[in-house]
Amino acid sequence: MKLFVNNKEIEVPASAMEKRIVEFLREDLDLTGAKNACDIGACGACTILVNDEPSRICIKLVKDFGGQRILTIEGMAAPDGTLHPLQQAFLDCGAIQCGYCTPGMVLTGHAFLLKNSHPTRDQIRQAIFKNLCRCTGYQQIIDAIEKAAPHYQREERGLQAASAPEKQTATKNSKATTLAKGEAG
Amino acid sequence: MGLLLCCQAVELTVSRKSGKVKLLNAVAAHDVGCAVNPEMVRGQIYGGMAMSAGYALHEEVKAPGGKMTTLNLNTYRIPRSMDLPEMKVIIVENPDPVSPTGAKSIGEPANEILAPAIANAIFNATGQRHFSSPIKLGAQPEPTACEEGCK
Ligand code: FES
Ligand code: FES
C-alpha cells in the first residue's frame, strides 16, 4: 500500500498496516508535528490534512489511508525552510504559548482558508471550534488566521488567472477546483 | 517589591430558560512592570482569562467515592473557541524597582480573576451569590412584578 505524505510517495510495509497512523507518522516516518494528546479524538492536537480535509489521526489506522494525500505540519513550510504565510502569521501574532495545539490549529486553519479566504472572525471561531487550546484563549490564533487570509485571496486570484489558458500541472488543477468549490459554497 | 495590580471585567447574559451563561465581552488590565515580549504577555493574559472562564463555568474534576472519573478531555470540559468572547488586554508598565528588567509576574495573576468577575456578573444578573465553582445555574425564576417595574 502507498501513502502520499507531504508530496512524497511512501511504501507502507505490511507490518505497519494495523498500526495507528499517528504512531506510524511519529515513530516510523519521524514526523513528530502531529501530537498524540488525548488519544480519543477529543482535542485535535493530532490533526493532519487528508485530501485537504482535517482528520484526527489518533483514532485511525494506517490501512484507512491507502492512496490518500496527507499533509502534516512538516509539509507546510517551503523546501528551503521558509515558513508558510499562515505559520508566519501565527508567529507574528503570538498565537503560540506551549505549542501543543499549534500544528493542529495551523492545519485546521489552512484547510478552512482554502475553502473560505474571506472569513469573518466568527467564522474563524467556528472553524477552530473542535480544536482545544489550553494556553492562548484562542484570541491570537483567530488573529493569525485572519491575518493570513489575504495570502489565500492572492493565491486564489493567481490560480484563477492561471486556469484561463489551459496549461498547468495536475496538482495545481486539483487545487484550483477545491478553491473554486470553496468560493461557490 | 512592587505591587502587582490587575483588574478584569466581564459582560454576560444568563438564559432564563436553561441558566446557560454566555460571555459577551471581557477586558483585562494588568500591571506587568515591563512587557519584555508584548505579544507573549498578551497571550498569557488571554490564556489566563480563558482558563479562568473555564474554572468559573464548566471545569470540574469528579471523584465519586474517591475514584476519579474525569480522566480525559471528553469529560473534563475546557473552554472552546466558541465559549469565549472577544477579549481585550490592556498592558500597564509600572516597573518593579527590585527586578532587573522591571518586569513583574503575569502567568498566574491572569488566570485568577476572571472567575470572580463572572461570579459577580452572575450576581448582578440573577441576584444569586455563588461561592463554589464551577457555577451551576438552573432555570431562572420568572421576574417579579417589582423587578419588571423597577427596570
Ligand atoms: S490526540 Fe487526537 S484528538 Fe486528541
Ligand atoms: S498553545 Fe498550549 S495548547 Fe495551545
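How many helices and strands does chain B have? Chain B has four helices and three strands. Good morning, everyone. Please keep in mind throughout that what I present today is a predicted model.

Let me stay with chain B for a moment. If we follow its sequence, the elements come in the pattern β-β-α-β-α-α-α. The C-alpha trace of chain B spans about 55 × 50 × 25 Å along its principal axes.

I turn next to the place where the two chains meet. Between chain A and chain B an area of about 2100 Å² is buried, and carbon and sulfur atoms give 54% of it.

What kinds of pairing do we find there? As a general point, side chains of opposite charge can pair when their charged atoms come close. Between chain A and chain B, the count is three salt bridges. A salt bridge links A:Arg125 to B:Glu86, with the closest N and O atoms 3.1 Å apart.

Let us now widen the view. Over all chains, a search of the whole structure finds 18 salt bridges. One of these lies within chain A: A:Lys115 forms a salt bridge with A:Glu53, and the closest N and O atoms are 3.0 Å apart. This pair links distant parts of the chain, for A:Lys115 belongs to helix 3 (residues 102–115) and A:Glu53 to strand 4 (residues 53–56) of chain A, 62 residues apart.

My next topic is empty space. Rolling a probe the size of a water molecule over the atoms shows where such space is left. The whole structure holds one cavity of 30 Å³ or more, and the volume of the largest cavity is about 30 Å³. Its lining draws on both chains: A:Cys133, A:Arg134 and A:Tyr138, together with B:Gly47, B:Ala50, B:Met51 and B:Pro79. Of these lining residues, five are nonpolar, one is polar and one is charged.

There are pockets to consider as well. The second largest pocket has a volume of about 370 Å³. This pocket is lined by 19 residues, and those nearest its centre are B:Lys20, B:Val21, B:Leu57, B:His58 and B:Arg77. Strand 2 (residues 21–31) of chain B gives the largest share of the lining, three residues. The lining of this pocket comprises seven nonpolar, four polar and eight charged residues.

Finally, I would draw your attention to two details of the backbone. Most residues other than glycine have a negative phi, and most peptide bonds are trans. A:Asn6, which is not a glycine, has a positive phi of about 45°. You will find A:Asn6 in the loop between strand 1 (2–5) and strand 2 (8–11) of chain A. In chain B, a cis peptide bond joins B:Ser133 and B:Pro134, with omega about -5°. B:Pro134 is located in the loop between helix 3 (114–126) and helix 4 (145–150) of chain B. Thank you for your attention.

Key. Residues numbered from 1 in each chain as written. Chains lettered and ligands numbered in written order. Predicted model: local features only at pLDDT ≥ 70, side-chain atom pairs only at ≥ 80, totals over all residues. Heavy atoms only, no water. Buried area = accessible area lost by both parts, 1.4 Å probe. Salt bridge = Lys/Arg side-chain N within 4 Å of Asp/Glu carboxyl O. 1 Å grid on protein atoms, 1.4 Å probe; cavity = no way out; pocket = protein on both sides within 12 Å on 5 of 7 lines; lining within 4 Å. Points joined across faces, edges and corners; volume = space filled by probe spheres on them. Nonpolar A, V, L, I, M, F, W, Y, C, P; charged D, E, K, R; others polar. Helix = DSSP H or I, 4+ residues; strand = E, 2+ residues; numbered from the N terminus.
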